[in-house]
Amino acid sequence: GRLTQRAGKIYAHVFDWPLDHELMLPPLPIEVSRATVLETGETLAVQGRVVHLPSAAIDDRVTVLELS
């Protein structure tokens, strides 16, 4: 995936859905305590640098998560 930043927010663009449903984030300038799926508004659990994803991708091409 890719990370982008806009207006002080960081977005993770997930192209390939992890089989274990866990997205490992790289080191970031903020401590992530919340991840929200932009398309649905669903809040995902975060533990350290790991975001726990739903069992299936929200979008076939790319799912975008807002990190805060």
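Is strand S8 mostly covered or mostly exposed, and how many of its residues are buried?

1. Basis. This is a predicted model; local features need pLDDT of at least 70, side-chain atom pairs count only at pLDDT 80 or more, and totals for chains, interfaces and linings use all residues. Residues are numbered from 1 along each chain as its sequence is written, and side-chain values use heavy atoms, with hydrogens and water left out.

2. Burial of S8. S8 is mostly covered: 5 of its 5 residues are buried. Buried means under 20% relative accessible area, exposed over 50%, partly exposed in between (1.4 Å probe, protein chains only). Strands (E, at least two residues) are DSSP runs, numbered from the N terminus.

3. Two faces. Thr63, Leu65 and Leu67 point one way from S8. Val64 and Glu66 point the other way. In a regular strand the side chains alternate between the two faces of the sheet.

4. Strand partners. Two strands pair if DSSP finds at least two bridges between them. S2 and S8 pair antiparallel over 5 bridges. Here Val14 stands opposite Thr63. S4 and S8 also run antiparallel, joined by 3 bridges. Ala35 stands opposite Leu67.

5. Core. The largest nonpolar core has 15 residues; Leu65 and Leu67 are among those with the most contacts inside it. Such a core is a set of buried Ala, Val, Leu, Ile, Met, Phe, Trp, Tyr and Cys residues joined through side-chain atoms within 4.5 Å. S2 (9-14), S4 (35-37) and S8 (63-67) each give two or more residues to this core. S2 gives the most, with 3 residues.

6. Leu67. Beyond its neighbours within four places in sequence, Leu67 is in contact with residues including Leu3, Ile10, Ala12 and Ala35. Contact means heavy atoms within 4.5 Å.

Definitions and conventions:
Helices (H or I, at least four residues) and strands (E, at least two) are DSSP runs, numbered from the N terminus.
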